[in-house]
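Reader: Could you walk me through some aromatic contacts and strand pairings here? I have the coordinates open.

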Amino acid sequence: MAETELSMKARRWAKRLILISLVALGFAVTTAPRAEKPSLAPATQKSGTEVTLMSVYFLDARVGWAVGAGGAILKTVDGGKRWKPVPSRTSALLTGVFFSDKIHGWVVGSNGIVLHSKDGGETWTGQPSGTQVALYGVYFLTPSSGWAVGAGGTILHTEDSGVRWTDQTSGTSAVLYAVHFFDQNHGGTVGALGTILLTEDGGLTWTTQETQSAATFFDVFFTDQLNGWAVGNAGAMFQTTDGGKRWIDRTFACLRTCSRPTDLIKIRFTSPKAGWIVGERGSILRSTDAGFTWVEQENGTKASLFGLSFPDPHHGWASGERGTILHITARP
């Protein structure tokens with residue numbers, strides 16, 4: 001049976017209702033079970049669904065989308081006070097959503113599915129991706145230029161809004177879970193077996209980075225051309241300050257309140273100093289010092305969180321299992 005690492009892990013976690021589909025070198029982490037007190041704790045929003053929501057994306061503090069199992073696509077225009085289901089015309093597991101502006105959006109998922117919207121997510125149509133492998137990550141720099149990544153080292157690129165998707169040679173067969181571009185030339189993708197790939201020419205060539213780690217990386221994010229982060233299973237956290245020439249192991253230690261290190265699923269920075277991470281068992285971590293320290297945030301949910309989006313420094317949303325959507329309000 002051919003089954004990706006993520007799908008196998010997802011099935012095991014689903015049976016336990018934990019998941020369905022997903023310091024070192026002078027680096028300080030909190031070692032006591034204390035939590036920084038934000039001005040407002042993350043607030044649970046009513047999504048109207050019980051399916052796992054694998055990805056969430058907000059353009060601003062009002063307009064956002066969430067996607068997940070069973071072809072679920074949700075949209076809000078009031079900051080998540082009300083979420084409405086949008087027909088996707090598929091029952092596939094949808095794993096990633098991204099909008100380049102208020103009009104143009106893309107969703108990716110299992111079996112190579114790519115959906116495109118040209119009306120702000122009100123209607124969705126399929127695009128031929130040219131692959132049947134699961135796609136997990138999608139990122140667009142402009143309404144025309146974007147990338148999608150997935151199983152078998154798949155990297156797809158489009159320059160015409162997804163009318164045509166072309167393969168870019170990754171040089172790996174590892175599952176790739178996320179992709180992020182800082183500008184038209186500089187980007188990265190991460191995945192299983194400690195895989196981190198970077199490009200300096202828009203994906204024409206991808207270079208494997210040395211991490212000396214076998215961790216599965218679920219997400220990657222760059223704050224500028226030099227500074228970036230990759231996070232993954234068992235608290236894996238790696239940082240670069242030189243554009244990827246060197247990756248420093250900042251793996252997040254298991255605190256006294258946990259029995260094993262937490263899988264870290266998504267990471268976002270809203271400024272060079274302010275960063276957020278979400279992961280399994282409702283974990284939310286925050287840094288206000290460029291990632292030197294990470295502090296667990298008080299959170300009333302134990303649902304694993306897979307999606308994270310911050311349209312501005314003060315408002316963020318996380319999505320996860322059992323239809324969970326959290327609104328995060330950051331203290332100035």
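**Rings and strands**

Author: Happy to: both Phe99 and Trp124 are buried, where buried means under 20% relative accessible area, exposed over 50% and partly exposed in between (1.4 Å probe, protein chains only). This is a predicted model, in which local features need pLDDT of at least 70, side-chain atom pairs count only at pLDDT 80 or more, and totals for chains, interfaces and linings use all residues. Residues are numbered from 1 along each chain as its sequence is written, and side-chain values use heavy atoms, with hydrogens and water left out.

Reader: How many aromatic pairs does the structure hold?

Author: Rings of Phe, Tyr and Trp (its six-membered ring) pair if their centres lie within 6.5 Å; planes under 30 degrees apart count as stacked, over 60 as edge-to-face and the rest as tilted. With that rule, the count of aromatic pairs is 18.

Reader: Are the rings of Phe98 and Tyr139 stacked, edge-to-face or tilted?

Author: Their centres lie 4.7 Å apart. The planes meet at 50°, so the pair is tilted.

Reader: Is Phe98 buried or exposed?

Author: Phe98 has a relative accessibility of 8%. Therefore Phe98 counts as buried.

Reader: Which residue in strand 17 is the bridge partner of Leu198?

Author: Strands (E, at least two residues) and helices (H or I, at least four) are DSSP runs, numbered from the N terminus, and two strands pair if DSSP finds at least two bridges between them. Strand 16 and strand 17 (residues 207-208) pair in the antiparallel sense over two bridges. In strand 17, the partner of Leu198 is Thr207.
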